[in-house]
Amino acid sequence: MFHLKQVRAKALSAALAAALLTSCAAPPAEDEVTLSFFQFKPEAVKEFAGLIDEFEAANPGIRVLQNNVPDPDTAIRTLLVKNKTPDVLTLNGNASFGLLARACVFADLSQEPAARDVLPAVQDILNANGRCSGSEINGLPMANNASGVLYNPELFAKYGVSVPRTWDELIAAAETFKANGVAPFYMTLKDAWTTSPALVNLAAQLQPEGFFDRLTAAGADRNNSPVSFSKDYQEVADKLLQLFHYAQPGAAGVDYATGNKAFADGKSAMYLNGSFAVPAIRAANPDARIASFPYPVTNNPGNVTVVSGVDVVLAMGRDTPHRAEAQKFINFLMSKDVIDKYAKNQSALAPIRSAAPQQDTALRGLASYFTSGKVDGYMDHRLPPSIPLVNITQQFVLDGDKSRYLNTLDNEWFKVAARMPNRGDQQ
């Protein structure tokens, strides 16, 4: 669990040096306000540079300095230790963001005009990861990803396979492709994290209601906890293993980049990934045929949801001396035109009510669930970052030892809980 004062001094100094590097530019005028803008996505530097130019042109008294570094998680912690919280930040809306929000690092944005346009289900997901108090909003979603099944519509049409709406239909589709010599899924087990998309979708629809809240409330008392991975993730583990049973030969040695290229070239009917993979697939083959559908985890189509995370969350330093200017910049970035453009360019989902309809054919199969609020958050965003979930899951997919897998997850969770006397306030 994150403690600011426990970060190693050497790592702090190195990351701080990196975090404070900015391009050589003319000094600001005396009456000009300069906002420090911590931007964590390297692939979006050019995108944000264009947005900054647009904002500065409309606000000549405000200058924005974008700061992007190789290791944003370390860099932001370092800046906080040095009491140098940026004025405006983009971060991933994951467990690390939740920890910082609970530490009251970020300002309350609940009264910002942009907050009223955010899809409630999306804001709820972000708030559940952590916030300073029960009524605050410490980050606004600017762009969301969606984890689902990507598929090749040409192969589906060729073999007469309809988009699955139930678990049995998904397995039947996989069997049809297998029987016709087509890889049902292209698996990339060399990169441990690629086991996560399937896991989080299975867990979202199969875990008991309030699973993580109840697990957190149990603290370190494993024996009396009303829920646990060993008790409540049996079906999740079984179905995860069943999906990976359809991996192509040699999947253990295949990495994500190779998988993107293979799917782009039509070497499998489906790909267990999400919107975040679409740009890489298209980079590998601009003519790739991509469509999508949400995971049908049960045999009740009414249970289907899309697992979505806030890929870009906007936050403001709680004690920024330039609050008015920072608010203006955040409200600009949260405007409909900006979000629509960013979502289109970054193959993302727009998390606001006023957004334009989804035009990307690769994402349309997920978009209707997203906008209608049939959304779940990533279960791994509720886990302490110190738990090596992807490595544990990768090992399970490779060895099939369900008992060890679930027991290891319990051991890791309660090991963290034992170190955290006030765990209920921290998770």
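**Exercises on aromatic pairs and a buried asparagine**

Tyr-159 counts as partly exposed, at 24% relative accessibility (partly exposed lies between buried, under 20% relative accessible area, and exposed, over 50%, with a 1.4 Å probe and protein chains only). The model is predicted, so local features need pLDDT of at least 70 and side-chain atom pairs 80 or more, while totals for chains, interfaces and linings use all residues. Residues are numbered from 1 along each chain as its sequence is written, and side-chain values use heavy atoms, without hydrogens and water.

**Exercise 1.** Classify the ring pair of Tyr-159 and Phe-177.

*Solution.* Rings of Phe, Tyr and Trp (its six-membered ring) pair if their centres lie within 6.5 Å; planes under 30 degrees apart are stacked, over 60 edge-to-face and the rest tilted. This rule gives 21 aromatic pairs. For Tyr-159 and Phe-177 the centres are 6.1 Å apart and the planes at 85°, so the pair is edge-to-face. Tyr-159 lies in the loop between α6 (153–158) and α7 (167–179) and Phe-177 in helix α7, so the pair ties together parts 18 residues apart in sequence. Phe-177 is buried, with a relative accessible area of 0%.

**Exercise 2.** Determine whether Asn-285 is buried or exposed, and list its contacts.

*Solution.* At 18% relative accessibility, Asn-285 counts as buried. Not counting residues up to four places away in sequence, Asn-285 touches Ala-264 and Asp-265 (contact means heavy atoms within 4.5 Å). The backbone oxygen of Ala-264 lies 3.1 Å from a polar atom of the Asn-285 side chain.

Conventions:
Helix = DSSP H or I, 4+ residues; strand = E, 2+ residues; numbered from the N terminus. Polar contact = N/O pair within 3.5 Å; in protein donor to acceptor, adjacent residues only side chain to side chain.
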